[in-house]
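Have a look at the model below and keep it open while you read. My notes follow, one point at a time.

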Amino acid sequence: MEDRENAKRVVFVTVGTTSFDALVKAVVSEDVKDELQKRGFTHLLIQMGRGIFFPTKCDGADGSLVVDYFTFSSSIADYIRSASLVISHAGSGSIFETLKLGKPLIVVVNEDLMDNHQCELAEALEERKHLYYTRPHTLYQTLKKMELESLVRYTPGDGTPVARIIDRFLGFPDD
Amino acid sequence: MEEGCSCIYSRMASRFSIGLLMILAIVLLMVRVLYVIYRCGKPLPKGVSQSFTTLIVLGSGGHTAEMLSLLSVLRKDRFTPRFYIAAATDNMSLQKARSFEDSVAEKPAVKEASQFMQIYRSREVGQSYVTSVWTTIVAIVHALWLMIRIRPQVILCNGPGTCIPLCVIAFVFKVLGIRWSSIFYVESVARVKKLSLSGLLLYKLRIADQFFVQWPQLHKKYPRAHYVGCLMIEF
């Protein structure tokens, strides 16, 4: 049991402030759970938001993946920090929160959303190899082919050029 | 006969002069609007002010994180006092702004340098268009009331729809000479290929004095914007 605790590798799933049952269903499908376990993950923790699909909790006593969920938390960052892999909806908030903490990330786009400009961001960041980008029904395939080592770490941006432009515009001297 | 004639003439003359006055007023207003559009985007002369009353428009989730990211690189003494506005249905954003202000406050004495306000939204997600006519009127009146109270010299916004009425009112204030303000718009990092509706309006109508985009694809399409790269930074 202690060994297991030491080797705890958590997959954290977050759907943000709305609901994204398709994602929750996809991560608790047998295929995906098997693949996660094969890759050495021990825990699956799901932030399920307003969803109405409640996955079956599992304490992992029989050696299977530990599955747990909650609806909302004010400290998502803490969960991301303790995770070894993050599977997230396409909101820019959780994408950058995860990238800033340097965690491997799979973004799953919610196809039910009308205004789906958010997949633009995930696509552009995938082009730069900062994350993997997929849809609920292709999550398993993505997991199967992903190589987390090939991801490029995101370097936080630099806000000083904007500050300089704004300051100059307002007539402040350069520091 | 003569009297009647002169009466008609004088009536015509007065009508003519009223018409002339109206045309003159419209022309003057147009000239003023054109002058304001011309002046927008031109930097202020050096050393105009030590600090500017700043209005910061917050949106939900990602928008607010980006805005606080931007604020963290600005010198607080130059942008003071700071007024934060968020939608009335958005509880998280002002809370985040408060904890941001707490983290940058040097001493409790200058805490009053920032204020937090909520604004009615013209239309909530899923609201019907019929009831949204009434709620839009309420939202505009509320925005006007807030703008009269704050009279900002600097407006920072990055995309939530609530910034549109505020920026339009700021423009009207400029035209009427009530208050000159500089509007800085940073398009959200989530917009890669297309501007948001708010961004498009402020860019096309030239209401934003300076416009920033975070992806090169957008800079190609909108050359008046500054390309500044991704602004999501650690703070």
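1. Start with a pair of facing residues: Ile155(B) sits opposite Ile183(B) in β5(B). Keep in mind that this is a predicted model. The strands involved are β4(B), residues 154-157, and β5(B), and they pair in the parallel sense over 4 bridges.

2. Now look at the other partner. β5(B) also runs parallel to strand β6(B), residues 210-213, with 3 bridges joining them. Here Val186(B) stands opposite Phe212(B) in β6(B).

3. How does the chain get from strand to strand? β4(B), helix α5(B) (residues 163-176) and β5(B) form a right-handed β-α-β unit. Another right-handed β-α-β unit is made by β5(B), helix α6(B) (residues 197-204) and β6(B).

4. Zoom out to the domains. Chain B splits into domain 1 (1-39) and domain 2 (54-227), and 40 Å separate their centres, taken over C-alpha atoms. Contact involves 6 residues of domain 1 of chain B and 6 residues of domain 2 of chain B.

5. What about the area buried between these two domains? It comes to about 620 Å², with carbon and sulfur atoms giving 74%. On the domain 1 side, Arg32(B), Val36(B) and Ile37(B) lose the most area to domain 2 of chain B, together 64% of what that side buries.

Notes
Residues numbered from 1 in each chain as written. Chains lettered and ligands numbered in written order. Predicted model: local features only at pLDDT ≥ 70, side-chain atom pairs only at ≥ 80, totals over all residues. Heavy atoms only, no water. Pairing = 2+ DSSP bridges. Helix = DSSP H or I, 4+ residues; strand = E, 2+ residues; numbered from the N terminus. Right-handed = clockwise from strand over helix to strand, strands pointing away. Domains from an automatic or database assignment. Contact = heavy atoms within 4.5 Å. Buried area = accessible area lost by both parts, 1.4 Å probe.
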